[in-house]
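Welcome, and thanks for taking a look at this one with us. Please have the model open as you read, so that each point can be followed by eye.

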Amino acid sequence: METIQNKAGEEITNEMALVQSAKQGDLEAFSELVKRYDRNVFRIAQHITHNEEDAQDVVQEAFLKAYQNLEQFQGNSKFYTWLVRIAVNEALMKLRRRRSDKTVSLDEDVETEEGSMPREVADWSPNPEQLYGQSELGDILKKTIQGLPPGFRTVFVLRDVEGLSTEETAEMLGLSIPAVKSRLLRARLQLRERLAKYFKSKRGGDGQP
Amino acid sequence: MNCKDFLKELTDYLDGTISVTVREELDEHLHWCRDCHVVLNTTKKTIEIYRDNRLYELPEKLRNQLQDAILSKCKAAKQTRKSST
């Protein structure tokens, strides 16, 4: 445990050193930061925009903006938190451009009643992933998460896919902690309900498709 | 505790950020409520499936191209800044 903490501590110190060098114009140091986080930023951008071209643009624009505004980064939060905040804003902008209504925001469709009981409570197969081939499963998961409002899927991706804390997610999205928690709950429940269609247990059912 | 109360606490229950007292109440509810038991397990599974099957991995070739593009843009920005000062 101690070693893990030390390692994490070292990484943060190392990261601050990289940011400091980059601030002084060291592109080599900035390139290290790009290599460290480009995959994460791409994943997050893809989840928000649903479009590979847009996601590629977001990765480029987010890193460029970060580089150009490094002076403004005070080091009160982690570099990654700051970077993702820039990337999420870029991704939402892309999404707005693609959609006819220009009102896409993280607050969309969140006025639903808190904690209503899911309609579908059928149990799933013991190993739902084995019901489908790898690429078919990937398509199901993509299609399902794409159906969620942007504010829900972004919170779900940051918390449950990228493994960030509630506090970090709140900071990245400019939301309060209760807002993150409530969106996460709705996202998890909606995904669960939508996936039930594919993963429902066949045994003991009523024979209806 | 009823099903509505259970759902309200579900996220904290799954994340392990809940007090011992509330956890005990939830466990008691789970003991007799089949629906909440199913919702808990399948929600847990939902999170695991998305965590284990990472979607949208960046292919290595594209990754290299993006890195090159980012660095050349940063370089250009750096030069513009230099020449303007």
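This is a predicted model: local features need pLDDT of at least 70, side-chain atom pairs count only at pLDDT 80 or more; totals for chains, interfaces and linings use all residues.

Chain A is assigned two domains, domain 1 (2-98) and domain 2 (128-199). Chain A also meets chain B, with 43 residues of chain A in contact with 32 residues of chain B.

**The two domains of chain A**

- The C-alpha centres of domain 1 and domain 2 of chain A are 21 Å apart.
- Their contact draws on 12 residues of domain 1 of chain A and 11 residues of domain 2 of chain A.
- On the domain 1 side, H2 and H4 of chain A each bring at least two residues, and H4(A) gives the most, with 6 residues.
- Sorted by class, that side of domain 1 of chain A holds 6 nonpolar, 5 polar and 1 charged residues.

**Helix H3 of chain A**

- Helix H3 of chain A covers residues 52-68, which is 17 residues.
- From first C-alpha to last, H3(A) reaches 24 Å, close to the 24 Å expected at 1.5 Å a residue.
- The buried residues of H3(A) are Asp54(A), Ala55(A), Val58(A), Val59(A), Glu61(A), Ala62(A), Phe63(A), Ala66(A) and Tyr67(A).
- As a reminder when you look at that list, an α-helix has 3.6 residues a turn, so residues three or four places apart point the same way.
- Both chains take part in the packing: the buried residues of H3(A) pack against helix H2 (27-49) and helix H4 (79-98) of chain A, together with helix H4 (60-84) of chain B.

- How many of the 12 residues of helix H6 (residues 150-161) of chain A are buried? The count is 12 of 12, and the helix is mostly covered.
- Just after H6(A), look for Gly163(A), which takes a positive phi of about 75 degrees.

**Helices H5 and H8 of chain A**

- Helix H5 (residues 134-146) and helix H8 (residues 177-199) of chain A pack at an angle of about 140 degrees, their axes 10 Å apart.
- The crossing of H5(A) and H8(A) is right-handed.
- H5(A) contributes Ile140(A), Thr144(A) and Ile145(A) to the contact, while H8(A) contributes Leu191(A), Arg194(A), Leu195(A) and Tyr198(A).
- By class, the residues of this contact are 5 nonpolar, 1 polar and 1 charged.

**A closer look at Glu9(B)**

- Glu9(B) sits in helix H1 of chain B.
- Why does Glu9(B) count as partly exposed? Because it has 19 C-beta neighbours inside 10 Å, whereas a buried residue needs 20 or more.
- Setting aside neighbours within four places in sequence, Glu9(B) is in contact with Ile18(B), Val22(B) and Leu26(B).
- Tyr56(B) is 47 residues away from Glu9(B) along the chain, and their C-alpha atoms are separated by 31 Å.

Notes. Residues are numbered from 1 along each chain as its sequence is written. Chains are lettered from A and ligands numbered from 1 in the order in which they are written. Helices (H or I, at least four residues) and strands (E, at least two) are DSSP runs, numbered from the N terminus. The expected span of a helix is 1.5 Å times one less than its number of residues. Two residues are in contact if their C-beta atoms, placed from the backbone, lie within 7 Å. Domain bounds come from an automatic or database domain assignment. Ala, Val, Leu, Ile, Met, Phe, Trp, Tyr, Cys and Pro count as nonpolar, Asp, Glu, Lys and Arg as charged, and the others, Gly among them, as polar. Axes are lines fitted to C-alpha atoms, for helices over the stretch in contact, and angles run from 0 to 180 degrees between N-to-C directions. A crossing is left-handed if the near helix is turned anticlockwise from the far one by less than a right angle, and right-handed if clockwise.
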